[in-house]
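Me: I have not seen this one before. Can you take me through how the chains meet?

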Amino acid sequence: MNELNQQRRTLLKGGCAAGIVTLAAASGLLVPGRVLAAEWSKSAFEAKSVADALKGLGAADVATSSDILIKAPDIAENGSMVPVEVTSQIAGTQSISILSEKNPLPLLAAFEFTDGAQGYVSTRIKMGQTSNVRVVVKAGGKYYSAAKEIKVTIGGCGG
Amino acid sequence: MADMMKIRTQLSGDALAIKILMAHPMETGQRKDAKTGQFIPAHFIKNVAVGLNGKTVVAAQWGGAISKDPFLGLKVKGAKAGDKVTVNWEDNKGEKNSAEATVG
């Protein structure tokens, strides 16, 4: 009888601990792990050509769109810090990816939007040389793209 | 280095503009050290997650060609004063940083 009781206590303890972990996960207390769960697309970011980068992103049948606005300087004096602002006016924009076509690794960044985030991103990028900056937008499961040429006076990738 | 991150928020109606400035060297791995001639090892932020009240609204993947000390501007609808904006990043060496700001 005593021994049985002991087992029961152990079981209770174990069950309780497991319960706390489940509760913590459910209530979002383990936020950092969950937030950074998104995978880093190695095949896309390590691709050396625009075509391979797009393939890595899963982008196929990309249609040219005038509803993607790229705000960036025509001439960048310093290729290591080129400001780029992208606005997608395509309804239901799910993601925006930015590529510099002549960089050694063309894909610079991919942004995914959920829960009220607008299809807008502003950042600063490095460009090795004068090139098209291409933006690829995913909306409603389809892919759209636009490009703008930026002339680079001093490249910002080499050393 | 790891504790430097600035978050600015601006609310107009329910449209929230978020501006984030992170401190990071963002080395591509393709740059050579002028003295030694050796490549400087890659060291860059790979994942950034921006949350509103604990819910991720923007998840970003980056390569090494985002400029040093990255700037990120975003827009979110449906926000209000008192909302919490969180930013988490992780780099290719597994270093992490996070910061939080309250919408004023």
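**Where chain A and chain B meet**

Me: How many salt bridges are there across the interface of chain B and chain A?
Reply: The rule finds 1 salt bridge across that interface, a salt bridge being a side-chain nitrogen of Lys or Arg within 4 Å of a carboxyl oxygen of Asp or Glu. This is a predicted model, where local features need pLDDT of at least 70, side-chain atom pairs count only at pLDDT 80 or more, and totals for chains, interfaces and linings use all residues. Residues are numbered from 1 along each chain as its sequence is written, chains are lettered from A and ligands numbered from 1 in the order written, and side-chain values use heavy atoms, leaving out hydrogens and water.

Me: Which side chains meet in it?
Reply: D115(A) and K55(B), at 3.5 Å from N to O.

Me: And which strands of chain B touch chain A?
Reply: β3 (45-52), β4 (55-62), β5 (71-77) and β6 (84-91) of chain B each supply at least two residues of that side. Strands here are DSSP runs of E, at least two residues, numbered from the N terminus.

Me: Which gives the most?
Reply: β4(B), with 8 residues.

Me: How much area is buried between the chains?
Reply: About 3,200 Å², with 54% from carbon and sulfur atoms. Buried area is the accessible area (1.4 Å probe) that two parts lose on being put together, summed over both.

Me: Where does β7 of chain A pair?
Reply: Strand β7 (residues 120-125) of chain A pairs with β5(B), antiparallel, over 2 bridges; pairing requires DSSP to find at least two bridges between the strands. T123(A) has L72(B) as its bridge partner in β5(B).

Definitions and conventions
Helix = DSSP H or I, 4+ residues; strand = E, 2+ residues; numbered from the N terminus.
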